[in-house]
Amino acid sequence: MRTLTARAVFVLLVIIAVGGLCSLVTYKLGTLQETQAAIAGTAVVIPAAFFTLLILSRYGTGPGGMIAVTLARPGMTAGLASYVAWEFSNLRTLPFFLTITVVYLASLFVETWLVLKDFQRSGVNPES
């Protein structure tokens, strides 16, 4: 998965799969409004994930790119989630914020895994 397009598609599939699972659980256990909130929570994570991939493609997986990603992604996700919850008061539910958290952590895990694969492929030790 060396290209930005392959990474973006893979991360998008993970986000959709995990977000769909969260929405399905919410649908089975909650109301329609909570299910819509879970779907909106999934949509909130997507721009920050793609922005992260864009930063990594531009700056690489070196210290500059990793610092930029570490600072930009949580801020962008939290800012977008806050704005959406502020604009749409019916989304201020627990499933909205839980879905954002679960999908964010799942996509963060996948992106970290992809970066570590790049390090292994290049022979660079990320711990040094």
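Predicted model: local features only at pLDDT ≥ 70, side-chain atom pairs only at ≥ 80, totals over all residues.

Trainee: Which residues form a nonpolar patch on the surface?
Mentor: Leu21, Leu24, Val25, Tyr27 and Leu29 form such a patch. Together these residues have about 550 Å² of accessible area.

Trainee: Where is Val25 found, and is Val25 buried or partly exposed?
Mentor: Val25 is found in helix α1, which covers residues 4–29. Its relative accessible area is 42%, so Val25 counts as partly exposed.

Trainee: Moving on to the fold, how many helices and strands does the protein have?
Mentor: There are four helices and zero strands. Read from the N terminus, the elements run α-α-α-α. The C-alpha atoms fill a box of roughly 50 × 25 × 25 Å along the principal axes.

Trainee: What share of the contacts is between residues 24 or more positions apart?
Mentor: Among contacts with a separation of 6 or more, such residues account for 71%.

Trainee: What share of the residues is buried?
Mentor: Of the 128 residues in the protein, 36% are buried.

Trainee: Which residues of the largest nonpolar core touch the most other members?
Mentor: That core has 20 residues, and those touching the most other members are Val11, Ile15, Val44, Leu91, Phe96 and Ile100. Each of α1, α2 (32–59), α3 (63–87) and α4 (94–122) supplies at least two residues of this core. There is also a second, separate core of five residues; among them are Ile55, Val69, Val115 and Phe119.

Trainee: What is Val11 in contact with, leaving aside its neighbours within four places in sequence?
Mentor: Val11 is in contact with Ala49, Leu53, Ser107, Val110, Glu111 and Leu114.

Trainee: Glu111 is on that list. With which residue does Glu111 form a salt bridge?
Mentor: Its partner is Arg73, and the closest N and O atoms are 3.0 Å apart. The count for salt bridges comes to one. Glu111 lies in helix α4 and Arg73 in helix α3, so the pair ties together parts that are 38 residues apart in sequence.

Trainee: Are those two residues buried or exposed?
Mentor: Glu111 is buried, at 4% relative accessibility. Arg73 is also buried, at 1%. Both values fall under the 20% cut-off for a buried residue.

Trainee: Let us turn to the aromatic rings. How many aromatic pairs are there?
Mentor: A search of the whole structure finds three. One of them joins Phe10 and Trp113, whose ring centres are 6.1 Å apart. Their planes meet at 45°, so the pair is tilted.

Trainee: Which parts of the chain does that pair tie together?
Mentor: Phe10 belongs to helix α1 and Trp113 to helix α4, so the pair ties together parts that are 103 residues apart in sequence. Phe10 is partly exposed, at 26% relative accessible area, and Trp113 is partly exposed at 39%.

Trainee: And what kind of pair do Phe96 and Phe97 form?
Mentor: Phe96 and Phe97 form an edge-to-face pair, with 4.9 Å from centre to centre and 80° between the planes. Phe96 is buried, with a relative accessible area of 0%, whereas Phe97 is partly exposed at 36%.

Trainee: What about Thr99: where does Thr99 lie, and is Thr99 buried or exposed?
Mentor: Thr99 lies in helix α4 and is buried, with a relative accessible area of 2%. Beyond its neighbours within four places in sequence, Thr99 is in contact with Cys22, Ala38, Gly41 and Thr42.

Note on methods:
Residues numbered from 1 in each chain as written. Heavy atoms only, no water. Patch = residues over 30% accessible without salt bridge, like charges linked within 9 Å, V, L, I, M, F, W, Y side chains within 5 Å. Areas by Shrake-Rupley, 256 points an atom, 1.4 Å probe, with all protein chains shown as cover. Salt bridge = Lys/Arg side-chain N within 4 Å of Asp/Glu carboxyl O. Buried < 20%, exposed > 50% of the residue type's maximum accessible area, 1.4 Å probe, protein only. Core = buried A, V, L, I, M, F, W, Y, C linked by side-chain atoms within 4.5 Å. Contact = heavy atoms within 4.5 Å. Phe/Tyr/Trp six-rings, centres within 6.5 Å; stacked < 30°, edge-to-face > 60°.
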